[in-house]
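Here are some notes for a colleague who is coming to this structure without having seen it before. Please read the points below with the sequence and the structure side by side.

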Amino acid sequence: MNTMKQFLAAISMAMLLLMAMPDSASAQCSMCSLTAENATNHGNTQGKGLNKGILFLLAIPYAAALGIGILWYKRFRGKKTVNVDNDPIVLN
């Protein structure tokens, strides 16, 4: 019964968050989009910097998730042992 209460609480929290989100967002200004569109046409360096910034911001969450995954794997993996003549041998 306790897991059912936790499940219902998680579903209700998700529904509350979905209702609190705005319908639309205008996040990109016209100057940024104009710079990005003209970067490849006219060879300016502002577009290259904008693209590098976007790739940097995209890579950081993946690198953080990879680091947490590696730490979790190394910490919580079980030791594998084999008993040979009543003497345990650790394989990793």
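This is a predicted model: local features need pLDDT of at least 70, side-chain atom pairs count only at pLDDT 80 or more; totals for chains, interfaces and linings use all residues.

1. Leaving aside residues up to four places away in sequence, Leu-50 touches Cys-32 and Ala-36. Ala-36 is 14 residues from Leu-50 in sequence, while the C-alpha atoms of the two residues are 7.4 Å apart in space.

2. For the chain as a whole, the model has 3 helices and 2 strands, and these follow one another along the sequence in the pattern α-α-α-β-β. Of the 92 residues of the chain, 2% count as buried, and the accessible surface comes to about 8800 Å², with 66% of that area belonging to carbon and sulfur atoms.

3. Helix H1 has 19 residues, which at 1.5 Å a residue should span 27 Å, and this agrees with its end C-alpha atoms, which are 27 Å apart. The number of buried residues in H1 is 0, so the helix lies largely in the open.

4. Ile-11 is found in H1, which covers residues 2-20, and at 42% relative accessibility Ile-11 counts as partly exposed. Together with Met-4, Phe-7, Leu-8, Met-15, Leu-18 and Met-21, Ile-11 forms a nonpolar patch on the surface, and the accessible area of these residues together is about 740 Å².

Notes:
Residues are numbered from 1 along each chain as its sequence is written. Side-chain values use heavy atoms; hydrogens and water are left out. Patches are made of residues with over 30% relative accessible area and no salt bridge: like charges are joined within 9 Å, nonpolar side chains (Val, Leu, Ile, Met, Phe, Trp, Tyr) within 5 Å. Accessible areas come from the Shrake-Rupley method with a 1.4 Å probe; for residues, only the protein chains shown count as cover. A salt bridge is a side-chain nitrogen of Lys or Arg within 4 Å of a carboxyl oxygen of Asp or Glu. Helices (H or I, at least four residues) and strands (E, at least two) are DSSP runs, numbered from the N terminus. Buried means under 20% relative accessible area, exposed over 50%, partly exposed in between (1.4 Å probe, protein chains only). The expected span of a helix is 1.5 Å times one less than its number of residues. Contact means heavy atoms within 4.5 Å.
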